[in-house]
Amino acid sequence: MSATTTTASATAAAPAQAGQRGSYWITTFGCQMNKADSERMAGILEGMGYQPGSDEHSADLVLYNTCTIRDNAEQKVYSYLGRQAQRKRTNPHLTLVVAGCVAQQEGESLLRRVPELDLVMGPQHANRLDTLLEQVASGQQVVATGEHHILEDITTARRDSQVCAWVNVIYGCNERCTYCVVPSVRGKEQSRSPGAIRLEMEGLAERGFKEITLLGQNIDAYGRDLPGITPQGRRQHTLTDLLHHVHDVAGIERIRFATSHPRYFTERLIDACAELPKLCEHFHIPFQSGDDDVLKAMARGYTVDRYRRILERIRERMPDAAISADVIVAFPGESDAQYRRTLALIEAIGFDQVNTAAYSPRPNTPAADWPDQLPEAVKVERLQELNALVERTARQRSERYLGRIEQVLVEGTNPRDPGQRMGRTRTNRLTFFPDLAPSRSPAELEGGIIQPGDLVNVRIEKVRAFSLTGVALG
Ligand code: SF4
């Protein structure tokens with residue numbers, strides 16, 4: 001499962017300009033996979049003649065790309081939809097689309113709940129948005145949630161960043177973690193061919209992108225469904241082989257990948273990350289629980305000991321590597337002692353960042369029907385204590401940067417302080433620093449010395465739990 005948030009992010013932000021088809025607005029909930037899908041769908045819409053709108057209340061096409069991982073994200077979608085349904089009653093030309101995991105899960109029943117909807121489409125149909133909208137234009141209400149073989153990405157994504165891009169390498173997930181809706185909404189694993197992935201990266205490099213994050217719900221499964229066995233009798237296509245295949249794309253300076261699964265994470269992969277210079281020393285490996293019995297109940301397929309050994313090996317090969325993870329507390333039946341083992345693991349490992357969540361029962365998942373659900377008060381209490389610990393360990397990890405010189409890839413301007421540039425270290429720490437000419441006005445900064453896409457050495461002078469501040473050394 002990828003890192004998830006319940007905040008919505010907007011894909012279109014440019015001023016409204018009526019295009020041939022009018023304006024569009026996409027709001028994205030949830031994980032990086034959804035964000036990548038939204039970028040592709042924005043690319044399709046722009047290819048069809050839609051222009052980015054200035055807000056969701058005036059756009060001619062509104063698309064909610066939804067997430068069902070947590071109940072509150074799902075509820076938020078329904079409240080957004082209520083407002084749009086009202087708008088549609090006075091503006092029949094508005095096109096209303098729900099995509100993503102809620103669409104897949106609810107299917108036709110969404111149309112019964114919100115009859116104003118024009119299109120309900122699951123994540124496997126993202127690349128078909130244009131065809132589906134043509135059906136809508138012919139007067140139909142369309143539901144596209146059937147199992148679908150994902151066509152090779154022939155679309156040009158509209159990228160929100162000009163520097164960093166996501167590239168899907170595998171869709172779907174064949175695991176059956178007992179709390180997770182992803183397999184039922186995103187379908188079976190479908191890997192893209194190494195050639196197609198490389199081609200997409202070359203195209204991105206030509207357009208000036210510098211950093212690529214290869215994405216998969218369970219990226220270590222990459223290639224399992226592709227044919228081919230090596231003379232040594234192993235699978236021909238693995239994530240490690242893919243990294244070797246795409247590593248030398250000219251113009252791409254940094255490569256990351258997510259989300260890793262401890263069950264399949266190999267020493268060969270760790271060695272490749274240590275040896276290939278563009279691979280960043282940052283690993284996102286969810287552990288979910290620090291207790292073996294809870295892990296078993298979650299059907300995660302590894303033990304805490306295996307997880308620890310993976311991290312030991314990473315730190316042996318890359319001592320400064322940053323480690324982030326996902327964790328769920330208050331899983332059904334989790335005792336206080338089991339929960340404390342999760343805290344102890346966080347303390348012992350010293351994570352750079354942990355995405356935390358209290359367990360939330362999701363429809364059509366085994367754990368949702370188990371009788372030993374924990375009370376809300378326990379969930380809240382555990383989550384609060386956990387978050388405080390995560391922040392403390394992240395702050396301790398940040399300390400190591402103080403006084404160091406870090407290479408930062410500049411992504412843009414600090415939205416809270418236009419006098420500062422913003423970027424990330426190789427270990428994925430957000431870093432702020434003034435432009436080389438600090439007296440410049442925001443307008444001048446646009447043509448400033450340091451530009452998005454530049455690699456800048458920054459001396460770190462201030463550290464916080466999740467970000468750093470420093471000065472550029474040129
Ligand atoms: S089933 Fe497990 S591995 Fe697959 S997406 Fe869900 S949490 Fe991740």
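User: Are Phe287 and Phe351 buried or exposed?

Analyst: Good place to start! Keep in mind that this is a predicted model. In it, Phe287 is buried, and Phe351 is buried too.

User: How should I read the way those two rings sit together? What kind of aromatic pair do Phe287 and Phe351 form?

Analyst: The general idea is that a pair of aromatic rings is described by the distance of the centres and the angle of the planes. Let us start with another case, Phe265 and Phe283. Their rings are 6.2 Å apart, centre to centre, with 70° between the planes, which makes the pair edge-to-face. Phe265 sits in the loop between β11 (254-258) and α9 (267-275), while Phe283 belongs to strand β12 (residues 282-284), so this pair ties together parts 18 residues apart in sequence. Phe265 and Phe283 are both buried. Now your pair: Phe287 and Phe351 are stacked, with 5.3 Å between centres and 15° between planes. Phe287 comes from the loop between β12 and α10 (292-297) and Phe351 from the loop between α12 and β14, so here the parts tied together are 64 residues apart in sequence.

User: How many aromatic pairs does a search of the whole structure find?

Analyst: The search finds ten aromatic pairs. There is also an aromatic cluster made of Tyr179, Phe331, Tyr359 and Trp370.

User: Let us move on to strands. How do I read the two sides of β13, and which residues lie on each?

Analyst: In a regular strand the side chains alternate between the two faces of the sheet. For β13 (322-329), one side carries Ala322, Ser324, Asp326 and Ile328, and the other carries Ile323, Ala325, Val327 and Val329. Both faces are covered, with every one of these residues buried. Eight of the eight residues of β13 are buried, so the strand is largely enclosed by the rest of the structure.

User: Which strands pair with β13, and over how many bridges?

Analyst: β12 runs parallel to β13 and is joined to it by three bridges. Within that pairing, His282 stands opposite Ala322. β14 also pairs with β13 in the parallel sense, this time over six bridges. There, Ser324 faces Gln353 of β14.

User: What about strand β4: how many of its residues are buried?

Analyst: Strand β4 (residues 61-66) has six of its six residues buried, so it is mostly covered. Leu61, Leu63 and Asn65 lie on one side, and Val62, Tyr64 and Thr66 on the other. Strand β2 (residues 23-29) pairs with β4 in the parallel sense over five bridges, and strand β5 (residues 95-99) is also parallel to β4, with five bridges.

User: Now a helix. What span should α13 have, and how far apart are its end C-alpha atoms?

Analyst: Helix α13 (residues 376-399) has 24 residues; at 1.5 Å a residue, it should span 34 Å. Its end C-alpha atoms are 35 Å apart, which agrees. The buried residues of α13 include Leu386, Leu389, Val390 and Ala394, along with Lys379, Arg382 and Arg397. Among the elements that cover them are α11 (304-317), α12 (336-349) and β18 (455-463), as well as β13.

User: How far apart are Ala274 and Glu391 in sequence and in space?

Analyst: Ala274 and Glu391 are 117 residues apart in sequence and 28 Å apart in space, C-alpha to C-alpha. Ala274 lies in helix α9 and is partly exposed, at 28% relative accessible area. Leaving aside neighbours within four places in sequence, Ala274 is in contact with Arg317 and Met318.

Notes:
Residues are numbered from 1 along each chain as its sequence is written. This is a predicted model: local features need pLDDT of at least 70, side-chain atom pairs count only at pLDDT 80 or more; totals for chains, interfaces and linings use all residues. Side-chain values use heavy atoms; hydrogens and water are left out. Helices (H or I, at least four residues) and strands (E, at least two) are DSSP runs, numbered from the N terminus. The expected span of a helix is 1.5 Å times one less than its number of residues. Buried means under 20% relative accessible area, exposed over 50%, partly exposed in between (1.4 Å probe, protein chains only). Contact means heavy atoms within 4.5 Å. Rings of Phe, Tyr and Trp (its six-membered ring) pair if their centres lie within 6.5 Å; planes under 30 degrees apart count as stacked, over 60 as edge-to-face and the rest as tilted. Two strands pair if DSSP finds at least two bridges between them.
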